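Please consider the sequence and structure shown below. The paragraphs that follow lead through several features of the backbone.

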There are 2 protein chains.
Amino acid sequence: MKLVAVDWGTSCLRTARIDDDGSLIEERRSPRGILGVPAGAFPQVLRESCGDWLDLPDALCLVSGMAGSRQGWQEAPYCPCPAGFEELAAALSWITPGKVALVPGLSLDFLGTPDVLRGEEVQVFGAMDLLQLQEGVFVLPGTHCKWVRVAEGRVQSFTTFMSGEFYALLRQHSILARTLPAGDGPLDEPAFLRGVRHAQQSRSILHSAFSARTLALFDRLLPAALPSYLSGLVIGEELRARALHGLQVVLIGEPALTERYALALRSLGCDSHRLGPEAGWRGLWALARRLETRP
Amino acid sequence: MKLVAVDWGTSCLRTARIDDDGSLIEERRSPRGILGVPAGAFPQVLRESCGDWLDLPDALCLVSGMAGSRQGWQEAPYCPCPAGFEELAAALSWITPGKVALVPGLSLDFLGTPDVLRGEEVQVFGAMDLLQLQEGVFVLPGTHCKWVRVAEGRVQSFTTFMSGEFYALLRQHSILARTLPAGDGPLDEPAFLRGVRHAQQSRSILHSAFSARTLALFDRLLPAALPSYLSGLVIGEELRARALHGLQVVLIGEPALTERYALALRSLGCDSHRLGPEAGWRGLWALARRLETRP
């Protein structure tokens, strides 16, 4: 079996050819995210990206991400939690049986309110495979950060925090934007950690965010330090809302972002282990291997 | 003494002539908020609005709001809390001694983080005078909602919540905007209260806001109900962050907004009394009366 792994997101299409032992043979990237693909054109766009790989004998193509959403190639209905490799494999949406499949996202219901993720599931499964973990807390920072709790090899539950999006909203469109400099600049670690700390004293970011304005107003924080402070406030608010005591967390994502989370967690007495987004390729490979060994 | 009361905000200039007994003789409104007034033109713009009143014998003009900010007519430095009528009167910034003065805003410092308000102080003092209260909790909803605690006739402390602004950011610029209808429509009370309730179960709006998306995704809330639900989430988050038990609250502001707060408070077992923004005229009048009776 030769795996063609596909991460088809909103604004980007990434494809990879993965060897039998899980190692990466080649990776390709195109700006043809699902928002740029007309209905019906998904098979063609995929062939343009990696038709040569798909034509290899025994090729298996697994597609994760927003391609499986209602706005994508075809809806791959969410797989309800708890969900492990078996549940995910059974819930694949096959486009060409035995050859091309969409990986579903996960869903849950908490007191009548649903939560969903799509794309992050393969990163969590990849991290579990890479670190040989059957349980743990996995955090995937981003526009919508996901906190995923795994036990007995299955995702038991998860929680979405719109942290990246709130940061961008406050940064670009709020009254705070008037005081902040045009660019974010490099991370100002003391200002970032001051934001993390302040968030722990507040009960809501509706209140704590205003401190980015008043500290500037009273010249207690330089404008250049404000983006880092605000980032600390938002990430700190997310951490305030979690029970962190004694927790060890696996962070998965872009290094610049997981570094901030690791810093914030450490300042609150919490250890973390960091993995890059390549955990997703590993997750697709581990999923493919389970398909192969099924009876 | 004839009082010319002025509320000079960011986008609007409101002036009023107030009788000796505190009753309103006439009110005028112009779109010349401080953002539309060039530096140096403040005296002229004020004369254009109410020069006839200012020329009356014994006229006293008190100006509250953003005209006293750094971007306004002249900076009226914040008066630190605790502050009552005496402290506010002593901290007036006189433009023409005995004739025209800017009312300062209030400031405080909580664990090294400042908070400020400007304009709301006269509404709180007006409410105290109207209701003959020497203590209480006063809530002034708006872009930046202020919770003001009064004891012994003085503002002891206050807290800012950027609730109105967060609602607008989420409504207009977030991913939720894609699912929400173009207009807000009338308040959908059950959807609003569902948002208030959901906010009490969550520990942060970074998480709870995502439910506006997932409830729509799973067809558990109609798009038309989403603006009311989101409004309930934001106001509910603000209330979650306060200790409400057994509290009686005075709400001051636009009726459409104080009505929502009253509804949300009632659903959490908390009584409230509502006043309109005209409490501000009363506050300026009560302040003027104190000036008159000073030794």
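In which loop of chain A does P82(A) lie? The model under discussion is a predicted one. Within it, P82(A) belongs to the loop that runs between β5 (79–80) and α2 (85–90) of chain A. The peptide bond that joins C81(A) to P82(A) is cis, with omega at about 0°.

The bond leading from C81(B) to P82(B) is a cis peptide bond, its omega being near 0°.

L111(A) is not a glycine, yet its phi is positive, at about 55°. Is L111(A) buried or exposed? L111(A) counts as exposed because it has 7 C-beta neighbours inside 10 Å, and a residue is exposed if that number is 12 or fewer.

A positive phi is also found at D219(A), likewise a residue other than glycine, where the value is near 55°. The loop that holds D219(A) lies between α7 (211–217) and α8 (226–240) of chain A. With 8 other C-beta atoms within 10 Å, D219(A) is therefore exposed.

Terms used: Residues are numbered from 1 along each chain as its sequence is written. Chains are lettered from A and ligands numbered from 1 in the order in which they are written. This is a predicted model: local features need pLDDT of at least 70, side-chain atom pairs count only at pLDDT 80 or more; totals for chains, interfaces and linings use all residues. Helices (H or I, at least four residues) and strands (E, at least two) are DSSP runs, numbered from the N terminus. A residue is buried if 20 or more other C-beta atoms lie within 10 Å of its own, exposed if 12 or fewer, and partly exposed in between; C-beta atoms are placed from the backbone.
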